[in-house]
Amino acid sequence: MLQWPLMRNNIVREDLEAAIELLRRDDPMLTQSSNVREFEREWSEWAGVKHSVFVNSGSSANLITMAALRELRGAGEVIVPTLTWVSDIASVLQCGFTPVFVDIDERTLGMDVDEVLRKITPRTRGVFLTHILGYNALDENLLKGLEARGVPLIEDVCESYGATFKGRKLGNFGLMSNFSFYYAHHMSTVEGGMACTNDPELYEMLRMLRSHGMVREASPRVRARYQERHPDLNPDFIFAFPAYNVRSTEINAVIGRSQLKRLDANNAKRTENLKLFLKNLDAKRYRTDFAVEGSCNYAFTLILREADDRLAQAVMRALSDAGIEFRRGTSGGGNQLRQPYLRNIVGDNAWKACPKVDHVHFYGMYIGNYPDLEKERILELCALLNKVCA
Ligand SMILES: Cc1ncc(COP(=O)(O)O)c(C=O)c1O
């Protein structure tokens, strides 16, 4: 038995000690305060963005990002992937946008760039792209095409932080970007997420959207503006937007600050692990030609070359028998268009328009890639996969 969970040791003793140290203080401040601000500052520095807003999950980052886009651009369409996490689509719907779906590029598992550009209309308010399982989904054509058409890009980097495009970290190429610190990701705050932007006005809005739409969350400059316009209101209780409470806590921020110190070293090990995995996998059975340049994965992508039901069943059985946890469908369980939450919006047959994601839905899986995986175990996994008989 290989006993291989999706994630291991992502929160270690030193992270817990940091939380314990906070709790040992006399009357510690636990609600959002200086550790959250410091974590945001340190994260911005690490990610190379100007501003970060720490929230209680990656889904919350998705939500306030879409809410900000709606405030900025008004109602309309948002182009989204068919392979992504549910909250990327749910946030689009919850903010009153119409999602427009795009099939995948098989090498990046991100959106097919030509299809994205083809689907832009005068009603397009943004492209909400997901970088899947550590692979970069950007290319020059997309960035130039969006810029020429004046369509904002929002990057979901929840599964891919540390990955780069042209040497620059993902999360830097659009109007806003999102990150998740869920336990199974590159690093964890137990639960948590970050919404980032380089735009100072958007940053003010994201801070307010995180906290009831409350103006006192913004900078003195923005607060003064609202107070002047609304002299009838208590300055502490001015609500600029119908928003949410998606704040996190000092405890989560302390864990995040401790984790961030190890992130680069852990990511470097994960990158080596993926290279070894793809190099030793039988390329005749499994896809090994992913766009690995600049990638940074916390999972091994395992996708059959052919639509072979018997082989898929045999692979899943072999993984289970060996104690190896996996997720069929890869990110978010595969083709979102097949999910019940979307069928009554897009219809029962919409999934048929996206055959490439549908292949991944049935013949794709992922397996955990964590920093302390030994080389021998990765080789053992490849040997097991290469000899599975249909
Ligand atoms: C691409 C993507 N976006 C958003 C999320 C949501 O993050 P969270 O689980 O922190 O809410 C996930 C979750 O795993 C994800 O994979």
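**Exercise 1.** Count the helices and strands in the chain of this predicted model, and decide whether the chain is as compact as a globular protein of its length.

*Solution.* 
Step 1. The chain has 13 helices and 12 strands.
Step 2. Its radius of gyration is 21 Å, and the globule rule gives 21 Å for 390 residues.
Step 3. The two values are close, so the chain is as compact as a globular protein of that length.

**Exercise 2.** Describe the shell of residues around the ligand by class and by helix.

*Solution.* 
Step 1. The ligand is surrounded by 15 residues, and Gly58, Ser59, Asp156, Glu159 and Ser180 are the closest.
Step 2. Sorted by class, the shell holds 9 polar, 3 nonpolar and 3 charged residues.
Step 3. At least two shell residues come from each of helix 3 (58-73) and helix 4 (86-94).
Step 4. Helix 3 gives the largest share, 3 residues.

**Exercise 3.** Find side chains in polar contact with an oxygen atom of the ligand, using a cut-off of 3.5 Å between N or O atoms, and state how much of the ligand the protein buries.

*Solution.* 
Step 1. For Ser59, a polar side-chain atom is 2.5 Å from a ligand oxygen atom.
Step 2. For Ser180, an N or O atom of the side chain is 2.7 Å from an oxygen atom of the ligand.
Step 3. For His185, the corresponding distance to a ligand oxygen atom is 3.1 Å.
Step 4. The ligand taken alone exposes 380 Å², of which the protein buries 93%.
Step 5. As for location, the ligand takes up the space of the largest pocket.

Definitions and conventions:
Residues numbered from 1 in each chain as written. Predicted model: local features only at pLDDT ≥ 70, side-chain atom pairs only at ≥ 80, totals over all residues. Heavy atoms only, no water. Near = heavy atom within 4 Å. Polar contact = N/O pair within 3.5 Å; in protein donor to acceptor, adjacent residues only side chain to side chain. Areas by Shrake-Rupley, 256 points an atom, 1.4 Å probe, with all protein chains shown as cover. 1 Å grid on protein atoms, 1.4 Å probe; cavity = no way out; pocket = protein on both sides within 12 Å on 5 of 7 lines; lining within 4 Å. Sits in = over half its atoms within 2 Å of the grid points. Helix = DSSP H or I, 4+ residues; strand = E, 2+ residues; numbered from the N terminus. Nonpolar A, V, L, I, M, F, W, Y, C, P; charged D, E, K, R; others polar. Rg over C-alpha atoms; globule rule 2.2 N^0.38 Å.
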